[in-house]
Amino acid sequence: MTPSDLIKAYSAEPISNYTMEDFTASETQENSICGDTLTIYLKISQAWIIKKYSHTWKPQMFTLAAASMLAEVIEWEHIDTVLSRGGEYMKNDLGLDVSTRRQRSTVTALLAVHNAIYAWQWNDKRAEYEDILRY
């Protein structure tokens with residue numbers, strides 16, 4: 001399956017696209033380049049395991065596909081593992097090898113996850129697109 005086919009499939013039938021109730025952390029992330037906005041919700045255990053993940057809003061196809069793909073791998077992972085992931089993970093491990101112009105779209109959900117965790121645990125820390133794309 002080509003990256004284009006993968007993106008089309010995940011955006012046509014998004015996974016975990018709902019507003020979670022009783023979440024531990026949440027973050028709304030905007031991609032100013034394409035105008036996408038995405039909100040993610042996390043339920044995190046006391047052992048720092050992500051027990052549930054969801055996202056809302058209907059962004060453009062690349063952002064929606066990446067958010068849906070993230071839903072399949074993020075649950076039951078320790079937040080340290082999640083925080084160690086960046087653009088290379090989305091590209092190489094999830095198969096979102098896209099043009100430079102679309103790279104921000106593929107990491108919007110992951111950036112929102114990082115910032116939701118930071119807001120939940122470390123109020124003064126934030127990540128930017130450049131931070132996520134760097135690794």
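The following exercises, with worked solutions, concern a predicted model.

**Exercise 1.** Determine the order of the strands in the sheet and identify which strands stand at its edges.

*Solution.* Begin with the strand order: three strands make up an open sheet arranged β1-β2-β3, with antiparallel pairing. Next, consider the partners: β1 (25–31) and β3 (50–56) each have a single partner strand, so one side of each lacks a neighbour in the sheet, and these two strands stand at the edges. Finally, from one strand to the next the twist averages 20°.

**Exercise 2.** Describe how β1 is joined to β2, and state which residue in β2 Glu-27 stands opposite.

*Solution.* Strand β2 comprises residues 36–44 and runs antiparallel to β1, to which seven bridges join it. Within β2, the residue opposite Glu-27 is Ile-40.

**Exercise 3.** Decide whether Thr-56 is buried or exposed, and list its contacts beyond four places in sequence.

*Solution.* First, locate the residue: Thr-56 belongs to strand β3. Second, apply the cut-off: a residue is buried under 20% relative accessible area. Thr-56 has 7% relative accessibility and therefore counts as buried. Third, with neighbours within four places in sequence set aside, Thr-56 contacts Asn-17, Tyr-18, Thr-19, Leu-38, Thr-39 and Tyr-41.

Notes. Residues are numbered from 1 along each chain as its sequence is written. This is a predicted model: local features need pLDDT of at least 70, side-chain atom pairs count only at pLDDT 80 or more; totals for chains, interfaces and linings use all residues. Side-chain values use heavy atoms; hydrogens and water are left out. Two strands pair if DSSP finds at least two bridges between them. Helices (H or I, at least four residues) and strands (E, at least two) are DSSP runs, numbered from the N terminus. Axes are lines fitted to C-alpha atoms, for helices over the stretch in contact, and angles run from 0 to 180 degrees between N-to-C directions. Buried means under 20% relative accessible area, exposed over 50%, partly exposed in between (1.4 Å probe, protein chains only). Contact means heavy atoms within 4.5 Å.
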